[in-house]
Amino acid sequence: IDLPAATNQADGCDIGAFEFIPPPVILSLTGVGTTSVVLTWSAISNRQYRLLYADDLRTGIWINQPSDITASGPTVVATNGVDSVPQRFYRVLLLL
């Protein structure tokens, strides 16, 4: 949710305005079983996203994929090298 400030013209007080920004949704994941996985997710142009991954959800440790990504259109494509891990979990964060 984006919360830009607005001013009430009658008394000059700030009031909040809300804009719904949909969260990113992973649309596809290709290359499973290889050394590189390609992820595609929904995006909003000019917004920044961070791809994170975890090899074991029990640890609660998520690792940032180096370099945040600025969307240039309605989807983002990113590649992640998976080395020799038997499984990997992904999530994408929209940065405000």
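This is a predicted model: local features need pLDDT of at least 70, side-chain atom pairs count only at pLDDT 80 or more; totals for chains, interfaces and linings use all residues.
Biologist: Which strands make up the open sheet, and in what order do they stand?

Modeller: Strands of a sheet pair through backbone hydrogen bonds, either parallel or antiparallel. Here three strands form an open sheet in the order S3-S4-S8, and their pairing is antiparallel. S3 and S8 are the edge strands, each of them pairing on one side only, and from one strand to the next the twist averages 20 degrees.

Biologist: How many bridges join S4 and S8, and which residue of S8 does Thr40 stand opposite?

Modeller: S4, which covers residues 36–42, pairs with S8 in the antiparallel sense over seven bridges. Thr40 stands opposite Val77 in S8, while Val37 stands opposite Asn80 in that strand.

Biologist: Is Thr40 buried or exposed, and what is it in contact with beyond its neighbours within four places in sequence?

Modeller: Thr40 lies in strand S4, and it counts as buried because its relative accessibility is 16%, which falls under the 20% cut-off. With those sequence neighbours left aside, Thr40 is in contact with Val25, Ile26, Leu27, Ser28, Thr75, Val76 and Val77.

Biologist: How many salt bridges does the structure hold, and which parts does the pair of Asp68 and Arg50 tie together?

Modeller: Side chains of opposite charge can pair when their charged atoms come close. The structure holds three salt bridges, and in one of them the closest N and O atoms of Asp68 and Arg50 are 2.8 Å apart. Asp68 lies in the loop between S6 and S7 and Arg50 in strand S5, so this pair ties together parts that are 18 residues apart in sequence.

Biologist: What of Asp55 and Arg88?

Modeller: Asp55 and Arg88 form a salt bridge whose closest N and O atoms are 2.6 Å apart. Because Asp55 lies in the loop between S5 and S6 and Arg88 in the loop between S8 and S9, the pair ties together parts that are 33 residues apart in sequence. Asp55 is partly exposed at 29%, whereas Arg88 counts as buried at 15% relative accessibility.

Terms used:
Residues are numbered from 1 along each chain as its sequence is written. Side-chain values use heavy atoms; hydrogens and water are left out. Two strands pair if DSSP finds at least two bridges between them. Helices (H or I, at least four residues) and strands (E, at least two) are DSSP runs, numbered from the N terminus. Buried means under 20% relative accessible area, exposed over 50%, partly exposed in between (1.4 Å probe, protein chains only). Contact means heavy atoms within 4.5 Å. Axes are lines fitted to C-alpha atoms, for helices over the stretch in contact, and angles run from 0 to 180 degrees between N-to-C directions. A salt bridge is a side-chain nitrogen of Lys or Arg within 4 Å of a carboxyl oxygen of Asp or Glu.
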